[in-house]
Amino acid sequence: MIATAAASVIDTIVLDEETQRRRAAEAERQAQLLREELAQRLFTLCDIYDATNRRRIFGAERPDDVFERHAEAVARVVAMQRPEVIGRDGKSLTLCLPLGTHEQSSWIAVGETAEIAEHVLLSLAEVWVDMNDSRRRAAELHDESRRLSEHIAATFEEITLIYRLTQNLSISRGSNDLGVQALQWLADVVPAEGMLICLNAAINEDTFRQEERRESVFLTHGQNLLALDEFVELIDGLRALDELDTVRPVVLNQGLPGAAKSPFPQIRNLVLVPLREGDRLFGWLAVMNHRDGREFGSGEANLLGSVGTILGIHSGNIDLYKQQADLFGGVVRAMSSAIDAKDPYTRGHSDRVARVSVRIAEELGCDDNTLRTLYLGGLLHDVGKIGINDDVLRKPGKLTDAEYEHIKTHVEIGYRILRGLKKMGHLLPIVLHHHESWDGKGYPFGLAGTNIPFLARIVAVADAYDAMASDRPYRQGMPDEKLDAIFRSGSGKQWDPDIVDAFFRCRDDIRAISHRHPDPVETVSLEWAH
Ligand SMILES: [Fe+2]
């Protein structure tokens, strides 16, 4: 049997046989208690009936034809909820009295008694009916109060779960990470033997680390009732049966339907929730096998639907962010290409400076945001060369003083190019100050020591390294020994000594970066665009 739950409504779930049997037993127990009480107070012989369904629940003191012989009187008792004498045989009186509503059925008692006057019997019966009615209402109120308490407790847990999730919707938090956390929190609220999240394959989940999610991600909690390939088979099976709903939660309480059942006998019941945002489906959340052997209801379906919506929106936001990062990356690529086009002899220089800068910064213990800034700053540190005369820029020989002064203006040109771009504001110190010198003899402002922005000091080392190490058409790159000697002698003079120390600590990695094929800009991470 399948029930499909909307955000707030779920179809009636058909009771299974076990539940029906349990409820029938409970009704019989209640009827027996009533009968015993009535036998003590009013009757010598008494039967309890379900008047709504016209059947005897307990007792067998008379032929089972009460509803045929006394149809009108029984109808009056049920309608008026007052007792009535429905038969007389000498001194023996047959009394029918209402027992109220049980599980949407009206119950009555039919009993006999003697040695008592009719009006006295009726008065006693009315007192008992009133008393029974009060007792029943008190019990109902108690039950309602208990249910309300449970509902409030469950609602509080659900709100706590939703609150926790919404507090963790940062874009920088990947879908996998949030999914693992969501499963742990759900396990505290939903009594299921196993639960899982399946995220569809996506590209560039975390390009900062150059890792890409090209395959589905499968997260589980509790019992591993399904492997990834089995879950995919299950989804395909439900889709083939037209039982898959990609918008709303699906509740399967009688095992899986039709042909989908046999491959997965371990699945007793299941709630399946799509993770989507708008018209995009990012994956699935599934909860399997109620831990108490019961059925999943609208409470679980609604909660899981809310969690699915939150996870879907989070995936959608990440996707949107990636699109923006792609756009930003396209702009950076275009700028880097423009620098390369101006100065083909140094092709790939900006990318190598960016990577060497990041490696040095890692050695210095910088955080991820700083590394992102440094990478972009490295890529664009010479963007001002776009405004430098080609003849000067490409001149292989020694520059005149005037030509050198002209080249030096590239840092301020670069600053003016980027300062109008809000998203690149954090790169400006790198672009403007990467030619400052630790001893104050650099340009454009002659800043010294720690007055030079930290990231510009790092790029200064990476820039000098690549300029000396890389080959040019008119000369070979400098040998390592000579290059290292220059850095040692320039430490504390041209460059920040701490950064030169870090450079030497990761010298082998930097050498490997500088020998890479110099065409990496196309593969550059696009998600440095914070
Ligand atoms: Fe430069």
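Q: At what angle do helix α5 and helix α7 pack, and how far apart are their axes?
A: Two packed helices are described by the angle between their axes and the distance between the axes. Axes are lines fitted to C-alpha atoms, for helices over the stretch in contact, and angles run from 0 to 180 degrees between N-to-C directions. Helices (H or I, at least four residues) and strands (E, at least two) are DSSP runs, numbered from the N terminus. In this predicted model, local features need pLDDT of at least 70, side-chain atom pairs count only at pLDDT 80 or more, and totals for chains, interfaces and linings use all residues. Residues are numbered from 1 along each chain as its sequence is written. Here α5 (residues 175-189) and α7 (residues 298-342) pack at about 170°, axes 11 Å apart.

Q: Which residues of α5 and α7 make the contact?
A: Contact requires C-beta atoms, placed from the backbone, within 7 Å. From α5 come S175, L178, G179, A182, L186 and V189. From α7 come L303, V307, L311, H314, S315 and I318.

Q: What is the strand order in the open sheet of five strands?
A: Strands pair if DSSP finds at least two bridges between them. The order is β3-β2-β6-β5-β4, with antiparallel pairing. β3 (55-58) and β4 (84-89) are at the edges with a single partner strand each, so one side of each lacks a neighbour in the sheet. The twist averages 30° from one strand to the next.

Q: Over how many bridges do β5 and β6 pair?
A: Strand β5 (residues 92-102) and strand β6 (residues 105-113) pair over eight bridges. L95 stands opposite G111 in β6.

Key: Contact = placed C-beta atoms within 7 Å.
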